[in-house]
Amino acid sequence: MTLDQLRLFIAVAEREHVTAASRAMNVTQSAVSAAIAALEGRYGVKLFHRVGRGIRLTEAGRLFLPEARAVIAQATAAEHVLDDISGLKRGTLKAVASQTTAAYWLPPILVAFHRKYPQITVELAISNTEEAARKVREGEAELGIVEAIVDDPVLAQWPLGEDHLIIVQAEDRVSESVGKDWLKAQPWVMREPGSGTRATLEHYLRSLDILPEELDISLVLPSNESVRTAIEAGAGIGALSSLVVAPALLAGTLYAASDVLETRFFYGLRHKERYRSPAADALLDMIEREGRAVKSHKV
């Protein structure tokens, strides 16, 4: 039994005329007759009385008609769901982002996305880069946005935006030479292992021939805000995103202790073999339209 057979049966039943049904459905009379014959032959019942040139529903046809209509109605509803999803009229996008992007970079983009697609629900989880990659790899999130390179062959990764880290301190006293010796002599407040912020800082330190284990680490804390607050309280120096420290620098509760560190990217993550929904494509397009994407690297 096919949906087309049901639709043709309904058309004949409602018009009690094969020719009228064929015209309404834009098919040949032989196609209509073949569909009815296939239903009757498969189940061994007659759906219509054929008396002379007239056609009427049998008792079996009368009982079958509301069921056929219900199936077609349900199929139509299912088609509407897919149409709505493809047309971004409904749906849910599960994403995961690292702390800096989720707290400081993504919110204006998500507000603009909601205004344009109010029926799409974005469920955003916050994890460090390592955990975000796991969520995308295991299908818990369709799209990830992180702060460091992820070495995972099943994940596609590409730059979405740019950021840089700044070494900050609580004292309005900057050394004339913020070099290798000065960095090794300071107490540090660090993000946890696995965070993009820490990975970027450690890469920068190695470029200065400083091993991370050579630093005097006083505190390791699990969020940008806790690191910033500890530095403001005098626990030591730290490296944080310019997005995180900008208000504190403006307010005078933190001071830049060095020139800007190397530029880093925010990266998009997706599973190479999983389907990417229209909602995910729409969000990525909005990031590009908002001027935050690195256009030449979009995949």
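Begin by selecting Val12, Glu16, His17, Val18, Ser33, Ile36, Phe48, Arg50, Gly52, Arg53, Gly54 and Ile55, which line the second largest pocket of this predicted model. A pocket here is an open set of points on a 1 Å grid over the protein atoms alone, with protein on both sides within 12 Å along at least five of seven lines, and lining residues have an atom within 4 Å of a point. The elements that give two or more residues to this lining are α3 (29–43), β1 (48–51) and β2 (54–57), where helices are DSSP runs of H or I with at least four residues and strands are runs of E with at least two, numbered from the N terminus. The space in the second largest pocket comes to about 190 Å³, a volume being the space filled by probe spheres set on the points, which are joined across faces, edges and corners.

Residues are numbered from 1 along each chain as its sequence is written. Local features need pLDDT of at least 70 and side-chain atom pairs count only at pLDDT 80 or more, while totals for chains, interfaces and linings use all residues; side-chain values use heavy atoms, without hydrogens and water.

Buried residues of α1 include Leu8, Phe9 and Val12, buried meaning under 20% relative accessible area with a 1.4 Å probe and protein chains only. Just after α1, Glu16 takes a positive phi of about 50°, and Glu16 also belongs to the lining of the second largest pocket.

Move on to Glu147, Ala148, Ile149, Ala199 and Thr200, which lie nearest the centre of the largest pocket among its 19 lining residues. The elements that give two or more residues to that lining are α7 (129–137), α9 (196–207) and β11 (263–271), and the largest pocket holds about 330 Å³ of space.

Finally, turn to the cavities, sets of points where a 1.4 Å probe fits but cannot get out; the whole structure has two of 30 Å³ or more. Around the largest cavity, of about 60 Å³, select Val189, Met190, Arg191, Thr197, Arg198, Leu201, Val227, Ala239 and Leu240. For the second largest cavity, of about 40 Å³, select Ala95, Val96, Leu106, Leu110, Val122, Leu124, Leu143, Ile145 and Leu283.

Conventions. Buried < 20%, exposed > 50% of the residue type's maximum accessible area, 1.4 Å probe, protein only.
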